[in-house]
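Visitor: I would like to learn to read strands, helix packing and salt bridges. Could you take me through one case?

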Amino acid sequence: VPSRLKEPFGLVALEAAQMGRPVIASRTGGLPDIITDSVTGRLVTPEDPVALADAMIDLLSDLPRLQRMGQAARAQALAHFDFEHFIDQHLALYAS
């Protein structure tokens, strides 16, 4: 997710994490709230194509680590961004 904008929330990054994929994304907007650098993916400086390429090469050169990061991304996404949690929050908001 090499976003150039300060996205308030990176839905694409979250969906990838929910599918067990480590995410490489720009360190901008809400993306650092979804990705823990070197644990669930990699965060790079926005508009730095060399850093983006280096992160891609780094992850693809170590497939066991790539898989571990994907598992960690899924676990973190389920723990912090569970859909049922959002439904409960919306119901509480409507009730108030």
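This is a predicted model: local features need pLDDT of at least 70, side-chain atom pairs count only at pLDDT 80 or more; totals for chains, interfaces and linings use all residues.

Visitor: Let us start with the strands. How many bridges join strand E1 to E2, and do they run parallel or antiparallel?

Guide: Strand E1 covers residues 23-26, and four bridges join it to E2. The two strands run parallel. To place yourself in the pairing, take Ile24: its bridge partner in E2 is Arg42.

Visitor: How should I read the two faces of a strand?

Guide: The general idea is that side chains alternate between the two faces of the sheet in a regular strand. Now apply that to E2, residues 41-44. Gly41 and Leu43 are on one side. Arg42 and Val44 are on the other.

Visitor: Which of these E2 residues are buried?

Guide: All four are buried, so both faces of E2 are covered, given that buried means under 20% relative accessible area. Note that Arg42 is in this buried set.

Visitor: Now the helices. At what angle do H3 and H4 pack?

Guide: The angle between H3 (residues 49-60) and H4 (residues 63-80) is about 100°. Their axes are 6 Å apart. Angles of 65 to 115 degrees count as roughly perpendicular, and H3 and H4 therefore fall in that class.

Visitor: Which residues make the contact?

Guide: H3 contributes Asp58, Leu59 and Leu60. H4 contributes Leu63, Arg65, Leu66 and Met69. Sorted by class, the contact has five nonpolar and two charged residues, with no polar ones.

Visitor: On to charges. What counts as a salt bridge, and how many are there?

Guide: The test is a side-chain nitrogen of Lys or Arg within 4 Å of a carboxyl oxygen of Asp or Glu. By that rule there are five salt bridges.

Visitor: Show me a pair. Where do Arg42 and Asp58 lie?

Guide: Arg42 is in strand E2 and Asp58 in helix H3. They are 16 residues apart, and the pair links distant parts of the chain. Their side chains meet at 2.8 Å, N to O. Asp58 is partly exposed, at 27% relative accessibility.

Visitor: What about Glu47: which residue is its salt-bridge partner?

Guide: The partner is Arg4, with the closest N and O atoms 3.4 Å apart. Glu47 sits in the loop between E2 and H3, and Arg4 in the segment before H1 (11-18), so this pair ties together parts 43 residues apart in sequence. Glu47 is exposed, with a relative accessible area of 55%. Arg4 is exposed as well, at 62%.

Conventions: Residues are numbered from 1 along each chain as its sequence is written. Side-chain values use heavy atoms; hydrogens and water are left out. Axes are lines fitted to C-alpha atoms, for helices over the stretch in contact, and angles run from 0 to 180 degrees between N-to-C directions. Angles under 35 degrees count as roughly parallel, over 145 as roughly antiparallel, 65 to 115 as roughly perpendicular and the rest as oblique. Contact means heavy atoms within 4.5 Å. Ala, Val, Leu, Ile, Met, Phe, Trp, Tyr, Cys and Pro count as nonpolar, Asp, Glu, Lys and Arg as charged, and the others, Gly among them, as polar. Buried means under 20% relative accessible area, exposed over 50%, partly exposed in between (1.4 Å probe, protein chains only). Two strands pair if DSSP finds at least two bridges between them.
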